[in-house]
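Reader: I am new to this structure. Please take me through a single part of it, the place where the two chains meet, and take your time over it.

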Amino acid sequence: MAYLELQGLEVSFDGFKAVNGLDLSIERGELRCLLGANGAGKSTTLDLICGRTQPTGGRILLDGRDITQDPEYRRSRLGVGRKFQVPSVFKELSIRENLEIARSRHPEPWRTLCVFPSRRPSPRVAEVVEIVGLEDALDTQAAHLSHGQTQWLEIAMLLVQDSALILMDEPTAGMTVQETGKTSAIFQRLRGRHTLIVVEHDMGFVREVAETITVLHQGRRLSEGPIQAIENDPKVREAYLGSGGISHA
Amino acid sequence: MTSLPDRHDRRAEPVPRPAIAWRVSMPRITSAAQFLPYILFCGAILAVPSFVSDPFLLNKFARYLALGLAAAALALSWGYCGILNLGQGVGFGLGAYAMAMHLKLKTSPVHTGSAGLPDFMVWNNLDHLPWFWQPFHSGLFALAAAVLLPALVAALLGWFMFRARIAGVYVAIITLAMLAVTNLVFVDQQAYTGGLNGITDLAWFEMGGVEFDPYSPAFYYLSAGSLAFFLMLGMVFTRSKAGLVLRAIRGGTDRVLFFGYDMASYQCLAFSLSAGMSGVAGMLYAMVLEFASPTFMGVPLSLSMVIWAAVGGRGSLLGATVGAILVNGTQGSLSEAFLNSWQLILGALFILVVVFLPNGLAGLVHNLGARLSGRLRGMAADRAPSALLNRR
């Protein structure tokens with residue numbers, strides 16, 4: 001059995017089926033890209049996996065365990081980490097404090113009550129801020145960061161969180177070419193140790209990092225395979241790359 | 001919440017990096033600077049009886065300190081965790097009644113003869129002490145109940161609210177409703193609570209051979225000691241990682257869930273800790289006034305607590321405490337000087353503070369301190385050669 005299995009997953013918002021009978025299985029250590037047009041259900045799929053949205057049908061199995069009914073925080077404790085499309089950090093807190101929150105191996109209140117965050121960053125945090133280039137801004141309030149820096153902060157938080165399964169929603173949005181290159185280098189390092197699911201529009205980035213691509217269309221799996229196979233798949237060309245009816249709609 | 005002015009500067013002009021030496025040493029200065037005011041304040045209130053011997057003044061100060069503790073409790077949930085509890089009086093009142101029940105049982109033989117039944121129970125034709133009054137013969141039980149009962153009630157209410165992800169103004173409405181209900185129950189159950197009159201004619205609290213006459217230095221020390229203890233406890237709580245998680249939640253985001261933090265239990269924790277603190281405040285208040293009344297759970301008192309915390313600065317436990325002491329002190333002296341117009345003057349002061357000092361008096365002190373230390377740092381940086389090297 002694969003590390004993550006989605007079986008007949010389904011969710012409807014006021015009758016609109018954003019995800020409609022989706023089956024997906026992802027092996028441990030894999031880096032999977034999700035592609036699809038706007039509204040294909042990519043972000044919703046990530047929401048369903050991390051628990052932000054409850055499915056109206058189907059099952060989610062993580063490492064053989066049914067997590068369909070588990071609340072978000074419990075899924076996170078089981079190893080699901082999430083980066084959101086709109087960078088989502090704690091704006092009132094400093095970068096240092098944001099990373100302290102992300103360091104969440106023991107998230108129960110009775111444990112955190114006895115922990116007093118030291119001003120000196122742990123070796124792991126120091127390493128991560130070095131990677132993302134925020135080491136000189138540790139005491140800056142996150143609200144004062146630029147969009148790009150906020151993206152980096154959230155990526156740094158995920159690196160500190162060190163989840164087994166990382167869900168990335170458009171990690172390179174708003175990044176320069178150099179920054180995108182750096183992100184892809186980070187992803188190459190994560191590959192193998194972590195299982196990654198990445199939603200991304202930047203095809204250059206996808207070509208660089210992806211092994212297997214799943215194309216979603218109207219909440220279903222349309223096609224799956226390596227990049228060349230996807231690019232040559234007539235169904236995908238029709239639905240997503242726009243040589244068929246969709247571009248005339 | 002408050003953004004230091006030097007942060008704005010850094011943002012506007014990002015090129016000069018702070019010198020390494022300053023980055024290392026500055027944090028230690030700030031954390032000591034955060035504790036210093038608390039230590040000074042606690043030292044000051046504990047020193048008062050060495051200068052003041054007038055029992056009436058001591059009694060008045062002890063009362064202000066009890067109210068200060070209630071405001072600190074509110075700041076803990078409102079300022080640090082974003083939970084605006086308009087029903088702070090529930091915990092305050094429960095604490096007050098728990099203590100009053102014990103103190104009443106100590107006096108009742110004097111007032112009602114050998115039956116040992118409190119006077120209002122006799123008037124309401126009760127012939128024996130209700131079972132839930134029995135354990136209050138013990139002073140220790142009363143002390144424990146004054147803290148744990150409010151905390152338990154808050155944990156229960158919080159469980160329902162925060163599990164359902166209720167936040168913001170809805171929390172304020174629910175807690176206000178809770179306050180009204182509790183008040184009504186206490187007024188209604190006259191035979192068990194003394195109804196509108198409350199529980200009056202209380203004895204003095206006695207523990208370990210010490211009698212706490214509310215006009216004595218001993219009682220003042222009890223009041224000041226409790227306040228100092230809970231200020232320090234609250235300070236430690238807010239500095240812990242749990243406090244950090246709560247500040248993250250305060251921003252109004254559920255992002256912490258995706259790091260594995262169970263948001264509802266953190267909110268419950270803060271909410272019931274705050275209620276336990278107001279229970280202690282209520283207990284002291286009942287002891288100092290020598291009665292407990294349903295007005296302790298009235299809407300006006302709970303809303304006043306919100307005002308005290310806002311004036312002093314809800315973002316700081318100490319700020320809220322000082323706010324409560326100042327407002328009550330001003331109220332006392334204004335009402336003596338201006339018999340009819342003092343409420344107008346006080347109201348105008350509130351408006352001025354809320355409009356011009358959104359973070360209260362604590363915010364004002366904080367900004368002044370930051371400006372001063374920024375100036376000092378600037379002077380030192382100009383002198384330090386390493387800093388000059390870093391400024392390309």
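**The contact between chain B and chain A**

Author: Between chain B and chain A there are six salt bridges. The model is a predicted one. In one of these salt bridges, the side chain of Glu154(A) meets that of Arg255(B), with 2.9 Å from N to O. Polar contacts between chain B and chain A link 21 residue pairs, counting those with both residues at pLDDT 80 or more.

On the side of chain B that touches chain A, at least two residues each come from helix H1 (5–12), helix H2 (20–51), helix H9 (217–239), helix H10 (241–250) and helix H11 (263–289). H10(B) provides the largest share of that side, seven residues. By type, the residues of chain B that touch chain A are 15 nonpolar, seven polar and 14 charged.

As for extent, 36 residues from chain B and 37 residues from chain A take part in the contact. The size of an interface is often given as the accessible area lost when the parts come together. Here the area buried between chain B and chain A is about 3,400 Å², and carbon and sulfur atoms give 58% of it. Within chain B, the residues that lose the most area to chain A are Arg255(B), Phe258(B) and Phe259(B), which together make up 23% of what that side buries.

Note on methods: Residues numbered from 1 in each chain as written. Chains lettered and ligands numbered in written order. Predicted model: local features only at pLDDT ≥ 70, side-chain atom pairs only at ≥ 80, totals over all residues. Heavy atoms only, no water. Contact = heavy atoms within 4.5 Å. Buried area = accessible area lost by both parts, 1.4 Å probe. Salt bridge = Lys/Arg side-chain N within 4 Å of Asp/Glu carboxyl O. Polar contact = N/O pair within 3.5 Å; in protein donor to acceptor, adjacent residues only side chain to side chain. Helix = DSSP H or I, 4+ residues; strand = E, 2+ residues; numbered from the N terminus. Nonpolar A, V, L, I, M, F, W, Y, C, P; charged D, E, K, R; others polar.
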